[in-house]
Protein chains: 2
Amino acid sequence: MATMADVAKEAGVSVATVSRLLNNQETVSPETAARVFAAIEKLDYEPNILARNLRKNESRVILIISPNVTNPYYAHILSGIGDVATKLGYSALICNTEDDEEREREALDMLRKHRADGAILMASNIGCKWLLDYSREFPIVQCSEYDPQVDIPHVSIDNYQATQEAVQYLVNLGHRYIAMISSENQYISTKLRMQAYRDTLEKNNIAIDNEFIICASRDYSFKSGKSKAKELLNVSPRPTAIFCISDTLALGAITAARELGLSVPQDVTVVGFDDVEHTTMFHPYITTVAQPCYELGQQSAYLLYSQMRQEPNMPRQLVMDHKLIVRESSASPKIV
Amino acid sequence: MATMADVAKEAGVSVATVSRLLNNQETVSPETAARVFAAIEKLDYEPNILARNLRKNESRVILIISPNVTNPYYAHILSGIGDVATKLGYSALICNTEDDEEREREALDMLRKHRADGAILMASNIGCKWLLDYSREFPIVQCSEYDPQVDIPHVSIDNYQATQEAVQYLVNLGHRYIAMISSENQYISTKLRMQAYRDTLEKNNIAIDNEFIICASRDYSFKSGKSKAKELLNVSPRPTAIFCISDTLALGAITAARELGLSVPQDVTVVGFDDVEHTTMFHPYITTVAQPCYELGQQSAYLLYSQMRQEPNMPRQLVMDHKLIVRESSASPKIV
DNA sequence: CTGTTAGCGCGTTCAA
DNA sequence: TTGAACGCGCTAACAG
């Protein structure tokens, strides 16, 4: 492999000139530039990234911390991050935490060990003071979840607004008995969706029935969605609509309804969230709030890049567009 | 951050001694070793990976080439690779090829550019001579798919054996009209499963009806599974069982059957492959051949590591265990 | 506009 | 068993 010195010699210039040209910093005369480029071409020169990394003291690796890459929601985000990272010349250090705070900290220590230049965190629970300490020392971006009390750059959708739209849609359909399947986790998205659900009902003068609000497992499992939906469907009066904070939970709810002999949407409306689970693999296709997961990942990577480059005027937060997608699992209630 | 020189000074030795100790090569006297370790502890020293990489001329990155990380099958493999890579001190350069050979080559060029030390390829089509050239020059492992003509280390299940078991299971149930939904792709797994299907029928003296063999899209899409299953179910005599080479296709087949007014497994048996798609999210739960995806990924990473370390006696191929999982989508045919 | 030169931190000869 | 010294290939002062 040709080295920069080889190129310099071939072009009859010094290594500094070659380096300057490659890092397009200061000006180099067109003639010498041409000679250098010719030499690069001739020798099939590629800069040695390892040497550059050592010199610039950067690893060109970004740390990706997610509960579980296998979850389709995170897989799509990862895909977006990965594509941008590859394009920008970065590799990824992927750490699955299984939603364990201890493992999250361990993973973040990769920054301290100089194994990565910056990190993208998905799904951190609210209230981690130690995260702020890391963020002061290293470039960090939070994707999807974040702590509103803590000023760490993040990208997400507007969960409050999105939920408002979904619940208002249900109200407009004529529903008055609207239940919600939330989750036990401490995500900001969970909190905001809950708040929006309550506020929207109140705004429409619908009393909030605490029996209609129920929490599924932290990881939005199909199983817990199913069992919690069964509980809800046994409440009297029975809810005519169930708003679920994930598609997996919605799938569980639909299955629960079916097992109880109820049909969706004739007897009960079910709405999901995310639009990444297999929403159109079975009838009824699920009405859901779509999140642009891939783009969420892309923007997170770009935002982290700006931060690593210490660009000025960097946005502290990016809000991506969501979209309510009406499919088959929602309809007006039978008796208004 | 403390450097090796700091440690050396603190311990009253030379950097060479520290280096030797850290790379546990030659012998260092116990007393000096103790002093050095104490110094390392005291200064909270961590070796600088960038310098080490330059010196050893390695990037500590492994290239992961897959059609699409978002596909649950690959996501699980990726998860296995990622965990092992992190443990061994490697990062990942993730390249999605969308099954495009050109993009596959581009991705492999990352090796030539020294952006990665080795590569794990998933899902290469058969008959890429150029791949062998790369493999002679760089450490490469193929996961799931490979070319039997080409001697590149690989890890996979025994697709022939697995299919044989699945088809024999159907025969044992009493099925004689057994159809297959395969794929247009040129994967070795596809080829072997087809061969095993044919051989098993023949061995049982069941004539092979070419109308019963149909190819879905390259990416095993739900949609193509559904439409191809509809074609099959309109053949006369109608197949009593459909063996699908992926769960997504099986889901499509079940949906197709339902839309045609047939119930599974009463009217038609459906068997899938992989056990990663949501096989137990809807009834009937799918009978399928499970692949140990996560382990496939882990072993690929270990195998690549052996290769990068140039370990002798490295296995050229690893065959992992599969398992036929009987659930609800299979039963004996109504009329034998 | 260009060249000289000094490291970045480590691993590894070679000599003692 | 240990130390001195060199160089991996590049970037960034500084000097001209």
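1. Angles between axes under 35 degrees count as roughly parallel, over 145 as roughly antiparallel, 65 to 115 as roughly perpendicular and the rest as oblique. The axes themselves are lines fitted to C-alpha atoms, for helices over the stretch in contact, and the angles run from 0 to 180 degrees between N-to-C directions.

2. This is a predicted model, in which local features need pLDDT of at least 70 and side-chain atom pairs count only at pLDDT 80 or more, while totals for chains, interfaces and linings use all residues. Residues are numbered from 1 along each chain as its sequence is written, and chains are lettered from A and ligands numbered from 1 in the order in which they are written.

3. Chain A holds 12 helices and 12 strands, where helices (H or I, at least four residues) and strands (E, at least two) are DSSP runs numbered from the N terminus. Its radius of gyration is 26 Å, well over the 20 Å that the globule rule gives for 336 residues, so chain A is more spread out than a compact globule; the radius is taken over C-alpha atoms, and the rule is 2.2 Å times the number of residues to the power 0.38. Along the principal axes, the C-alpha atoms of chain A fill a box of roughly 85 × 40 × 30 Å.

4. Helix 1 (residues 4–11) and helix 2 of chain A pack at an angle of about 105°, with their axes 8 Å apart, and are therefore roughly perpendicular to each other. The contact (C-beta atoms, placed from the backbone, within 7 Å) is made by M4(A), A5(A), V7(A) and A8(A) of helix 1 and by V15(A), T17(A), V18(A) and S19(A) of helix 2. These residues divide into six nonpolar, two polar and no charged, with Ala, Val, Leu, Ile, Met, Phe, Trp, Tyr, Cys and Pro counted as nonpolar, Asp, Glu, Lys and Arg as charged, and the others, Gly among them, as polar.

5. Around DNA strand D there are 26 residues, the closest being M4(A), N48(A), A51(A), S14(B) and A16(B); a residue is near a strand if its C-beta atom, placed from the backbone, lies within 6 Å of it. Two or more residues each come from helix 2 (15–22) and helix 4 (49–56) of chain A and from helix 2 (15–22) and helix 4 (49–56) of chain B, and helix 4 of chain A gives the most, with five residues.

6. For DNA strand C, 27 residues lie around it, of which A16(A), T27(A), M4(B), N48(B) and A51(B) come nearest. Helix 2 and helix 4 of chain A and helix 2 and helix 4 of chain B each supply at least two residues of this surface, which divides into 12 nonpolar, nine polar and six charged residues.

7. Between the protein chains, 35 residues of chain A are in contact with 35 residues of chain B. Helix 5 of chain A provides the largest share of the side of chain A that touches chain B, eight residues, and that side divides into 17 nonpolar, 14 polar and four charged residues.

8. Within chain B, I81(B) is found in helix 5 (residues 72–88) and is buried, with 31 other C-beta atoms within 10 Å. A residue is called buried if 20 or more other C-beta atoms lie within 10 Å of its own, exposed if 12 or fewer, and partly exposed in between, the C-beta atoms being placed from the backbone. Not counting residues up to four places away in sequence, I81(B) touches I64(B), A92(B), I120(B), G297(B), S300(B) and A301(B).

Definitions and conventions
Two residues are in contact if their C-beta atoms, placed from the backbone, lie within 7 Å.
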